[in-house]
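User: I'm new to reading structures like this one. Could you walk me through it, one feature at a time?

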Amino acid sequence: MSIDLKTIKHISKLSRISVDEKRAEKLADDLNSIFEFIEKLNELKTDDVKPLTSIAETTLKFRSDEIKSKNIREQIIKNSPEDNEDYFVVPKVIE
Amino acid sequence: MSDITKQSLTELVENIKKKKLSSTDVTKAFIRRSEKSSELNAYITDDFTSALDKAKKFDQNPNLDLKLPGIPMAVKDLFCTKNVKTTAGSKILNNFVPTYESTVTENIWNEGAILLGKLNCDEFAMGSSNETSHFGNVQNPIDKNLVPGGSSGGSASAVAGQLTPITIGTDTGGSIRQPASFTGIVGLKPTYGSCSRYGIVAFASSLDQAGPMAQNVKDCALLQEVISTYDPKDSTSINFKRNHYSKELTKNIKGKKIGIPKEYRVDGMPKEIEDLWQKGIQYAKDCGAETIDISLPHTSYALPTYYIVAPAEASSNLARYDGVKYGYRAKGENLIDMYEKTRSEGFGAEVQRRIMIGTYVLSSGYYDAYYLKAQKVRKLIKNDFDEAYKKVDAILTPSTPSSAFKIGEKTNDPVSMYLNDIFTVPVNLAGLPGISIPAGHDTKGYPLGLQIIGKAFDEQNILNIAFAMEEKINFKNKITDWWIK
């Protein structure tokens, strides 16, 4: 299997990370060597193995749906790159 | 006392409790040494002024019943600290000042400790050499131009260099144990679910654990006792009966069965690592333990599994960095363009690489072939350990396949960098506790570590084995203070 530039462009789009041509080539090289290494897993037959989805093997606990943090609007907005009163500001979405 | 920074945590606690030292004395000493150690680049952010204020305040009305009374300590910059900048070693969080505190650090401050500052690490804890940090690489106190390991490289460097008496790191695939091994200190990765992940910048949620790094096993046990608590704020935190690790620490490990897994004898492993391992086996026997040859047949599949599972989880966790709610934002022509440029400029090369791997293995058409396959192999790896633990109480291996390497030596070859974690990664995949203790030196005089892996929730047992072996090993770290101005 080989990851070509078209695939890199596709993954970059899905990842929302813009990648120029030069970096795309380097990434393709890196990913190919990493996937070559990952392919080793295909040596194993795993049809009958149940996947491990959680290491803790405990069921998630329920808690009551109560508001514990009140009036933290200021804290939430504090680190925003751009805000306007109580809102996060983003580039215009609707024309 | 001029040699305050040379004292272990246990000694410092005792001296403060006996009022031979004040918190101010101790805090001043570590600040002074930290200030003279800028060449190590161990800190990203210092909080010295505030630390000194807190120490003075502590001394005015000292509560000497606490476990860490007035002890100053710096922590990895992956733990959110309220009102103190938390970067995760990334440009994308360069201006992030949390409005809340991680549970683990909260536990530490509640026991009387004082924050010295935030320690350098690989960006989002992705790296094995601390070279992926946006804030520059960290020097190993052992030798100039030597990596301290990673991702908790700043933490390891700061403890080995005596800039902080103890610290906490995080370990996703070896990020506490490998740097501990490279710098000649002790590092414990607890059982998954032992320490809360609340307020820790997430990398791979099913693998991440916080843990202590210290000069010796006893200090490590004390810190583990403080940080390991059940926390409802972390849905994977586990409510089990936690030991008083430092109080229950014993060197009596007579009759303990220690497994030696043959699969850890990997191709191309330097002879000095094999020799160290053999010495470790002898030390364990000298302590009264019995060693038994065991097999962990899927060991060689652990790294390929890890490099699917960890990037997959990372790609999902790091989706939150979109330049909207916090962190770095680049200018863009529209919303999507802003996202793409923010993430392209804000993340470093290794983080981008892993997000891309993760996105790919989770993408339509590839999920079954990669992610599901990896989860199945992960099960096989865990089964190996379950089988082994029917016969033994713990497992002894080298911590790393080599000693610390030079800065820049492996940066162009991601796979060779990943191979560093070959002995540590299986432990994270199986959710087990593992401790690295310094056990000898290679021919260059660089430290080498041994790893003791335990059953889930059996931290006390591996701490005891480490404690017993530590005495027999009698390791002395060779620190020359070459970086001190």
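User: Let's start where the two chains meet. How are helix 2 of chain A and helix 11 of chain B oriented to each other: parallel, perpendicular or oblique?

Analyst: Keep in mind that we're looking at a predicted model. The general idea goes like this: two packed helices are described by the angle between their axes and the distance between the axes. Here, helix 2 (residues 21-38) of chain A and helix 11 (residues 349-362) of chain B pack at about 60 degrees, and their axes are 11 Å apart. Helix 2 of chain A and helix 11 of chain B are therefore oblique to each other. The contact involves Leu27(A), Asp30(A), Leu31(A) and Ile34(A) from helix 2 of chain A, together with Arg353(B), Met356(B) and Ile357(B) from helix 11 of chain B.

User: And what is the handedness of the crossing between helix 2 of chain A and helix 11 of chain B?

Analyst: That crossing is right-handed.

User: Now for strands. Which residues of strand 9 of chain B lie on one side, and which on the other?

Analyst: The general idea first: in a regular strand the side chains alternate between the two faces of the sheet. In strand 9 of chain B, Ala394(B), Leu396(B) and Pro398(B) are on one side, while Ile395(B) and Thr397(B) are on the other. Both faces are covered, with all of those residues buried. Since 5 of the 5 residues of strand 9 (residues 394-398) of chain B are buried, the strand is largely enclosed by the rest of the structure.

User: Which strands does strand 9 of chain B pair with?

Analyst: One is strand 7 (residues 257-261) of chain B, which pairs with strand 9 of chain B in the parallel sense over 2 bridges. There, Gly259(B) sits opposite Ile395(B). Another is strand 11 (residues 447-454) of chain B, which runs antiparallel to strand 9 of chain B and is joined to it by 5 bridges. Look for Leu450(B) in strand 11 of chain B as the bridge partner of Pro398(B).

User: Let's zoom out. How many helices and strands are in chain A, and in what order do they run?

Analyst: Chain A has 3 helices and 2 strands, running α-α-α-β-β from the N terminus. With a radius of gyration of 23 Å, well over the 12 Å that the globule rule gives for 95 residues, chain A is more spread out than a compact globule. Its C-alpha trace spans about 55 × 45 × 25 Å along the principal axes. Buried residues make up 17% of chain A.

Notes. Residues are numbered from 1 along each chain as its sequence is written. Chains are lettered from A and ligands numbered from 1 in the order in which they are written. This is a predicted model: local features need pLDDT of at least 70, side-chain atom pairs count only at pLDDT 80 or more; totals for chains, interfaces and linings use all residues. Helices (H or I, at least four residues) and strands (E, at least two) are DSSP runs, numbered from the N terminus. The radius of gyration is taken over C-alpha atoms; the globule rule is 2.2 Å times the number of residues to the power 0.38. A residue is buried if 20 or more other C-beta atoms lie within 10 Å of its own, exposed if 12 or fewer, and partly exposed in between; C-beta atoms are placed from the backbone. Two strands pair if DSSP finds at least two bridges between them. Axes are lines fitted to C-alpha atoms, for helices over the stretch in contact, and angles run from 0 to 180 degrees between N-to-C directions. Angles under 35 degrees count as roughly parallel, over 145 as roughly antiparallel, 65 to 115 as roughly perpendicular and the rest as oblique. A crossing is left-handed if the near helix is turned anticlockwise from the far one by less than a right angle, and right-handed if clockwise. Two residues are in contact if their C-beta atoms, placed from the backbone, lie within 7 Å.
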